[in-house]
Amino acid sequence: MASTLDAPFSTDALISTAALPAPAPAKGGRFARLPLLAGRSFIPLGLFARLPLAMLTVGALTLVTAVTGSYAVGGAAAGAVGIGSALGAPVLGVLADRLGQRRVLLVSAIANTVAIIALILAAYLSPGAQDLAAAVPVLAAAFVAGASCPQVGPLARVRWMALTSRTPGRGAAANSADLDTALSYESTADELTFVLGPALVGILASLLAPWLPLALAAALTVVLVPAFAVHPTHHAVIRTARRRPAGTAPAAAGDRHAGSRTAAQRARTFAAVALPVLAMVCMGTFFGSTQTSLSSFSASFATSELAGLLYAAMGLSSAAAALSVAYWPRRLTVNVRWIACAALMAGLASLLLLPTTAMPMVLVLFVLGLPVGPLMVTVFAIGGLVAPAGKLGTVMTALASGIVAGTALGSSIAGQLAQNFGYSAAFLVPVCAATALFLLGTAAAVVLRQRGRKPAPAA
């Protein structure tokens, strides 16, 4: 028997439809429904407002390296941005759940703009910082810039989940199809921005000035993030106050079973949330180790800069495959999708060990990207399914920070292996990360099915 986790998506978030137009029947396919659900301006706002996050890490690396002349300091600045983002994202998610998205996004947009400007000034005021001790102001500004970066992508997913959960006049299956379509688009938007962002940094820094990419990121943040924050879709997600379940009295001292049931429910909820978060850490490890391994691979016959072009092949196929999830059959539940995509990803990742020149590697990477996009869509969907009431933003931002933390982990491990044993050893890291995703998928199928058979705890 299928569990409730195999059923179409539902959430406890309340929806205010007064500020949003009632969706009309879409003409032109499933993706044509998205502007009808959220308004035409929401999609371009959500796409370009997340671009500064994709530019920030590479922009800090480029600027600090160019000004100080030290790759070590530049790499440390990029690492500080990543650590700040990984730690700050869940905090912003918690605040968004408690205070509302609009307020948190407005404050973080201002704070992030100030932090980026401080990073630029600190870099130019410390031009002779050849060691980490002298570069503390630069690293501190980089950390704050990462920690304060508005989490547009995860919070956009929260809005889509609210918009598609109880659309008036549509059944559960139709709402589930709308959610898959929205999450497919969101994963594609992430892929596009994380390919476009670094490329834009490289073009502006090399042709004009190394500070310009970060200045552009700050300008985009201060203009687009507030527009995203006040977009009417923020009314769709209503804060859920903590409260005792209606009609429930505190357990009597002798009622030991009530306490044990609550503890068991909490344990199942924690396990159900932890699995997709760990999966995103593995996904980030896959991304970071693949990027670093490709740098070593391309340096063996050309230059390390070729790695970006090679990696783009996987990004493009991943983005296209993510869009296709909207058209997958409903009988393919999220559990089945996770296991199947992860198994395919693990098998294809082993092909990274075979090529010795660029063109065969491009082919391998293009094919390898096909299960990556759908797996990201699926894990984000599961995160929405298992998120406790009123904590959807927390879970979504935790998933995003898992990718950031995993990317740093994968880059570090693969870099050490590449330095000491060559790129072939480094390519074992993405193989292991993909295998771990498969194992987590099988564990998630068990945990989610067992959790689905139990009465869900009240908000």
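This is a predicted model: local features need pLDDT of at least 70, side-chain atom pairs count only at pLDDT 80 or more; totals for chains, interfaces and linings use all residues.
Student: What percentage of the residues count as buried?

Tutor: Buried means under 20% relative accessible area, exposed means over 50%, and partly exposed lies in between (1.4 Å probe, protein chains only). Of the 459 residues of the chain, 50% count as buried.

Student: How many helices and strands does the chain have?

Tutor: Helices (H or I, at least four residues) and strands (E, at least two) are DSSP runs, numbered from the N terminus. This chain has 16 helices and zero strands.

Student: How do I read contacts along the sequence?

Tutor: Contact means heavy atoms within 4.5 Å. Take the contacts between residues at least 6 apart in sequence: 84% of them join residues at least 24 apart.

Student: Which residues make the nonpolar surface patch?

Tutor: Patches are made of residues with over 30% relative accessible area and no salt bridge; like charges are joined within 9 Å, nonpolar side chains (Val, Leu, Ile, Met, Phe, Trp, Tyr) within 5 Å. In this model I83, L87, F143 and V144 make a nonpolar patch of about 360 Å². Helix 4 (71–99) and helix 6 (136–147) each supply at least two of its residues. I83 sits in helix 4.

Student: How do I read a salt bridge?

Tutor: Side chains of opposite charge can pair when their charged atoms come close. The rule asks for a side-chain nitrogen of Lys or Arg within 4 Å of a carboxyl oxygen of Asp or Glu. The count by this rule is four salt bridges.

Student: Which residue forms a salt bridge with E186?

Tutor: R50 does, with the closest N and O atoms 2.7 Å apart. R50 lies in the loop between helix 2 (42–49) and helix 3 (51–68), and E186 in helix 8, so the pair ties together parts that are 136 residues apart in sequence. R50 is buried, with a relative accessible area of 5%. E186 is buried too, at 1%.

Student: What does D190 pair with?

Tutor: Start with R50: the closest N and O atoms of D190 and R50 are 2.8 Å apart. D190 lies in helix 8 and R50 in the loop between helix 2 and helix 3, so this pair ties together parts that are 140 residues apart in sequence. Then take R157: its side chain meets that of D190 in a salt bridge of 2.8 Å, N to O. D190 lies in helix 8 and R157 in helix 7 (residues 152–165), so here the tied parts are 33 residues apart in sequence. Both D190 and R157 are buried. Together, R50, R157, E186 and D190 are linked in a network of salt bridges.

Student: Are S184 and S187 buried or exposed?

Tutor: S187 is buried, with a relative accessible area of 1%. S184 counts as buried at 0%. S187 is found in helix 8 (residues 172–207), and S184 is placed in helix 8 as well.

Student: What do they touch?

Tutor: Leave aside neighbours within four places in sequence. S187 is then in contact with R157, A322, M376 and V377. S184 touches F31, A322, L323, V325, A326 and V377. The C-alpha atoms of S184 and F31 are separated by 9.5 Å, though the two are 153 residues apart along the chain.

Student: How do I read the length and bend of a helix?

Tutor: The expected span is 1.5 Å times one less than the number of residues. Helix 9 (residues 212–229) has 18 residues and reaches 25 Å from its first C-alpha to its last, close to the 26 Å expected. A bend at a residue is the angle between axes fitted to the seven residues ending there and the seven starting there. Helix 9 bends by about 30° at T221. T221 is one of the buried residues of helix 9.

Terms used
Residues are numbered from 1 along each chain as its sequence is written. Side-chain values use heavy atoms; hydrogens and water are left out. Accessible areas come from the Shrake-Rupley method with a 1.4 Å probe; for residues, only the protein chains shown count as cover.
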